[in-house]
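Start with the display below.

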Amino acid sequence: MGSRYISAVAFYGPKTGRLREFLAGVQALIAEQVGGDFRPYTLDQVHATLIALNGVREGGTIVNEYLLEHAGERREMDLPRVMDILARRFAAPLQVRIGGFRPGQETPFTSRGQHLAERAFSVQGEAFVLVGWPADSLAGAGRPMDELRREMNAAGVLHRYHARPGDVDNDLHLVVGHHDGAPAEALARATAAVRDKLAADPADLAIGLSDVKIVAADSHTLAPPVYVSGVPAAAAEVLALVP
């Protein structure tokens, strides 16, 4: 597979208002506990991946990496249709929430089998990861993110976490940084501190079409970018990014 990462993402680039305040506060809490082992992302770099558009060249055709990997399908990506789906889905802003749950509190669903208070912030390998969900889902009304990702199948794009037909991924992940061999005790303190903050002061955010970007980079962190575009991005430009 190629090493070029191409994705439709939310919140990439300069941050203002509640989002900037929220992310800076989370990073400050981590830094208090982890110290010099914390490698924060720049605020511009922090993003939520909506759908990966990584491509693989197959006999003159560019196919979606995960469709090939998980389903063995060699179907050309229909990038104009991808752009149409994004434009329609985000014509009205998608309301999302990060936090707002305490351990033991009843929740409308679990995420990857975990309580939402735990899933909202965790250390995954070397990454510090925030997870949020659509407000409609928290109110028991559908799975907008999972539906968006599933609709992308019609454009020849398979979501990374839809490896099996019944898989569900309604999560929004935001990595805020990594650690460089931090002690387990420090990671546990950081996790507890951020979870307490999220339970007491959740972040209510909105993703409108202007918040969605097509970004390409040679690192999964999407920094530095080699391409950034709003939606719609020109299909020929995006396909030319595939190595």
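## Serine 122

Which side chain does the side chain of serine 122 join in a polar contact? The partner is glutamine 124, at 3.2 Å. A polar contact is a pair of N or O atoms within 3.5 Å; within protein, one must be able to donate a hydrogen and the other to accept it, and residues adjacent in sequence count only if both atoms are side-chain atoms.

This is a predicted model: local features need pLDDT of at least 70, side-chain atom pairs count only at pLDDT 80 or more, and totals for chains, interfaces and linings use all residues. Residues are numbered from 1 along each chain as its sequence is written, and side-chain values use heavy atoms, without hydrogens and water.

Serine 122 lies in strand 7 (residues 121-124). Its relative accessible area is 11%, so serine 122 is buried (under 20% relative accessible area, with a 1.4 Å probe, protein chains only). Leaving out residues up to four places away in sequence, serine 122 touches Ala127, Phe128, Val129 and Arg195 (heavy atoms within 4.5 Å).

## Helix 7

Helix 7 covers residues 184-200. Helices are DSSP runs of H or I, at least four residues; strands are E runs, at least two. Buried residues of helix 7 include Leu187, Val194 and Leu198. Among the elements covering the buried residues are helix 1 (17-34), strand 7 and strand 8 (127-134).

## Nonpolar cores

The largest nonpolar core has 68 residues (buried Ala, Val, Leu, Ile, Met, Phe, Trp, Tyr and Cys joined through side-chain atoms within 4.5 Å). Helix 1 gives the largest share of this core, 7 residues. A second, separate core has 5 residues, including Tyr12 and Leu222.

Methods: Buried < 20%, exposed > 50% of the residue type's maximum accessible area, 1.4 Å probe, protein only. Expected span 1.5 Å × (residues − 1).
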